[in-house]
Amino acid sequence: MIRLTRGRVGIAAAALALPLGLAAVPAQAAEMATVSVLHAIPEGAGADVVDVFANGDLLIDNFTPGTLETVEVPAGTYDLAVFGDGQTPDDAEPVLAAEAVEVPGGVNATVTANLDADGAPALNVFVNDISTMAAGEARLIVRHIAAAPAVDVLADGTVIFADVTNPNEGAVVVPAGDYEASVNLAGTDTTVLGPAPVMLEEGTVTIAYAWGSAEEENLALATQVITDLSSGPEGVPAGGGSTTQLPVWAFGFAALGALAIAGAGARLAASRR
Amino acid sequence: MTRPRPALLVLGAGALALGIGTVGIAMAGSGVHVEAVGTRPAVATGAAAAGVVPGATPSDATAPAAGQDSASPYRTLTRKDATTLPRPDRTPRPTQIRIPTIDISIAVDVVGLDDRNQVEVPYDVARAGWYRFSAKPGSGTGSTVIVGHVDGVDQGAGAFYDLRQLRPGDTVTITRADDRRITYEVVARETFAKSDVPLRELFSRSGPERLTLITCGGPFDPASLEYTDNIVVTALPVDSDGNLGETR
């Protein structure tokens, strides 16, 4: 259960559905999890320098807007709490809190401290899809954590995620490469972010966060990149056979091998282009 | 260079002889080298490396946050400014490879994947190919993969025919499109049965900056029209003082 304390706590739908159901968790990582925390509450909103605690222990110290910290934690259930700089669970009430957040072994998740659609501070938990991709591919995830209305996300001028609202996300696997990314107000041609050139590197997950506040005119993009998830190419066929040296005893099979000539010859001819 | 071209009759005979040889290699066990000289630096892939975020300094990854004592159950991996976007990489691509000990000095094309998701090796066996999803030389991290034919179907010996003769200590020089030259020193030459090639490690853009040269080797299987093995040469960059690149 996630409980509201002082700020409003929202949980992305995927976060609740995925942690317990994740099937592809590597066995050797079963007891640890990777958690990133993104400070996405803009400056001047009362959280300019904060400390993040997990189960009463300091997790992140002196955390500032626009910063992403990645920590390795034992699998378990966590009460997360964000305190003003220098305050502790012993002497203060948290600015934001989320209780009983399940963190299964092997999971990769991101917790965002951000504004909800109406501009109030919120915590959101997202599970990051770190499944491997085929060679040549990249995964793009876009998350709306801004005090802003619904948006469309465009790549090279084409809408790839339509009508995304806070605190929701879209994910897609695309050919790795360079794209022009932009964010429009949903259903309009009004661009609120970008266009900006972005590289989606092969085998990486690029998570783009739209954060800030439309009203305060400080909407911005933040990114998190998780690397090394390409399964690699299927092989390297780098020979045609024209220099093959055969062992002398192979000639003993010459008569029998004659049967194979027709087949091999036909394939050779077929492979010549 | 002239190499023998066996008559079709001999090729046919080989179909049977080499079929037997292939069984022998398979029995040697998966993941085991057919042959190896030298040592390739280890590279973590997948979940172990998945938490690593580029752009963070090594000290970020090891030092606990201020106030996070040694008894803390949490370990900080990275801390970074998330407001910079991953911009297109303008590092120049490799254009030429030179390996003096085996008399190679050839052009390097850009290659991708074929329709079977295998690396596309340049059809012209006199040219090598830089796999465009691998690291660029001089980028500081990961594997730069350059492939070349050992031979062609009907073109005789290929650019990488003599890769099998490279030894640790041999020098490889890559020239980039900006004319910068980067010199590497061979640290390993390995032969893998094709079913055992650690492709994910060899192609990983994580780990130490390194050059990975790949061609075919072992017996030719006329049934599949492919060689049974891959020969892989790993080289590390050498600085101006002749010191080998860091092998984390």
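1. Let's start with E217(A), which is exposed (12 or fewer other C-beta atoms within 10 Å of its own, with C-beta atoms placed from the backbone), as 8 other C-beta atoms lie within 10 Å. You'll find E217(A) in the loop between β16 (205–213) and β17 (220–226) of chain A; strands here are DSSP runs of E, at least two residues long, numbered from the N terminus. Its phi is positive, near 55 degrees, and E217(A) isn't a glycine.

2. Before you go on: this is a predicted model, where local features need pLDDT of at least 70 and side-chain atom pairs count only at pLDDT 80 or more, while totals for chains, interfaces and linings use all residues. Residues are numbered from 1 along each chain as its sequence is written, and chains are lettered from A and ligands numbered from 1 in the order in which they are written.

3. Now for the prolines. The peptide bond joining N166(A) to P167(A) is cis, with omega near 5 degrees. P167(A) belongs to the loop between β12 (158–164) and β13 (169–175) of chain A.

4. And where does P195(A) lie? P195(A) is part of strand β15 (residues 191–200) of chain A. The bond leading from G194(A) to P195(A) is cis, its omega near 0 degrees.

5. For background, most peptide bonds are trans, and most residues other than glycine have a negative phi.

How values were computed
Helices (H or I, at least four residues) and strands (E, at least two) are DSSP runs, numbered from the N terminus. A residue is buried if 20 or more other C-beta atoms lie within 10 Å of its own, exposed if 12 or fewer, and partly exposed in between; C-beta atoms are placed from the backbone.
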